[in-house]
Amino acid sequence: MFSMTNKYKNAKQYDTKNDTQHFFTWDAKVTPSPARSTVQITSEEKVLAKVQIFGVDGAMAIESEKDLKNIDISALLPGFYYAHVYAEDGTKTVVKFLKN
């Protein structure tokens, strides 16, 4: 899956396997980035429900429905990751971050 930044409203995400595209309609932030041991995931627009963190290989590394303001990433290897962030209303956005 190829993802463009969701910094701008209505950025597109392309699913290269299924030749489909999805539109982001809201922003989420992963801080800090780069991160060492924990990250916080927040949104000023939505109430967050869960996050799934994927490596660049597409494998899910972490899934959390609890305390999205304190996610332990210390077991992850250094590199880029994608946080798939789900809101309570069922919508989703994707945010890229760096783990040191």
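Which residue stands opposite T38 in β8? Select T38 and look across: D72 in β8 stands there.

**Before you start**

This is a predicted model, in which local features need pLDDT of at least 70 and side-chain atom pairs count only at pLDDT 80 or more, while totals for chains, interfaces and linings use all residues. Residues are numbered from 1 along each chain as its sequence is written, and side-chain values use heavy atoms, with hydrogens and water left out.

**Stop 1: the whole protein**

Show everything as a cartoon. You will find 10 strands and zero helices. Strands here are DSSP runs of E with at least two residues, helices are runs of H or I with at least four residues, and both are numbered from the N terminus. Follow the chain along its sequence, and the pattern reads β-β-β-β-β-β-β-β-β-β.

The accessible surface of the protein comes to about 6,300 Å². Carbon and sulfur atoms hold 52% of that surface. Accessible areas come from the Shrake-Rupley method with a 1.4 Å probe, and for residues only the protein chains shown count as cover. Of the 100 residues, 35% count as buried. Buried means under 20% relative accessible area, exposed means over 50%, and partly exposed lies in between (1.4 Å probe, protein chains only).

Think about contacts too, meaning heavy atoms within 4.5 Å. Take the contacts with a separation of 6 or more: residues 24 or more positions apart account for 43% of them.

**Stop 2: the three-strand sheet**

Select β4, β5 and β8. These three strands form an open sheet in the order β4-β5-β8, with antiparallel pairing. β4 (29-31) and β8 (71-72) stand at the edges with a single partner strand each, so one side of each is left without a neighbour in the sheet. Two strands pair if DSSP finds at least two bridges between them. Strands of a sheet pair through backbone hydrogen bonds, either parallel or antiparallel.

Color β5, residues 38-42. Two bridges join β5 to β8, and the two strands run antiparallel. T38 and D72 from the opening question face each other here.

**Stop 3: two cis bonds**

Select P32 and P34. Both P32 and P34 are found in the loop between β4 and β5. The peptide bond from T31 to P32 is cis, with omega near -10°. The bond from S33 to P34 is also cis, with omega near 10°. Most residues other than glycine have a negative phi, and most peptide bonds are trans.

**Stop 4: the four-strand sheet**

Select β6, β7, β9 and β10. These four strands form an open sheet in the order β7-β6-β9-β10, with antiparallel pairing. β7 (60-64) and β10 stand at the edges, each with a single partner strand, so one side of each lacks a neighbour in the sheet. Neighbouring strands of this sheet are turned by 20° against each other on average, direction ignored. For such angles, axes are lines fitted to C-alpha atoms (for helices over the stretch in contact), and angles run from 0 to 180 degrees between N-to-C directions.

Zoom in on β6 (residues 48-55) and β9 (residues 79-87). Seven bridges join this antiparallel pair. Find G55, which stands opposite Y81 in β9. Then find I53, which stands opposite A83 in β9.

Move on to β10, residues 92-99. Eight bridges join β9 to β10, again antiparallel. H84 stands opposite V94 in β10. β9 and β10 form a hairpin with four residues between them. Select G90 in the turn: its phi is positive, about 95°.

**Stop 5: charges over rings**

Show side chains for K50 and Y86. The charged end of K50 sits over the ring of Y86, 5.0 Å from its centre. Next, show K96 and F80. K96 lies over the face of F80, at 4.4 Å from the ring centre. A charge sits over a ring if NZ of Lys or CZ of Arg is within 6 Å of the ring centre and within 35 degrees of the ring normal.

**Stop 6**

Is I62 buried or exposed? I62 lies in strand β7 and is buried, with a relative accessible area of 16%. Leaving out residues up to four places away in sequence, I62 touches V51, Q52, I53, I71, D72, I73 and L76.

End at D67, in the loop between β7 and β8. D67 has a positive phi of about 25° although it is not a glycine. At 48% relative accessibility, D67 counts as partly exposed.
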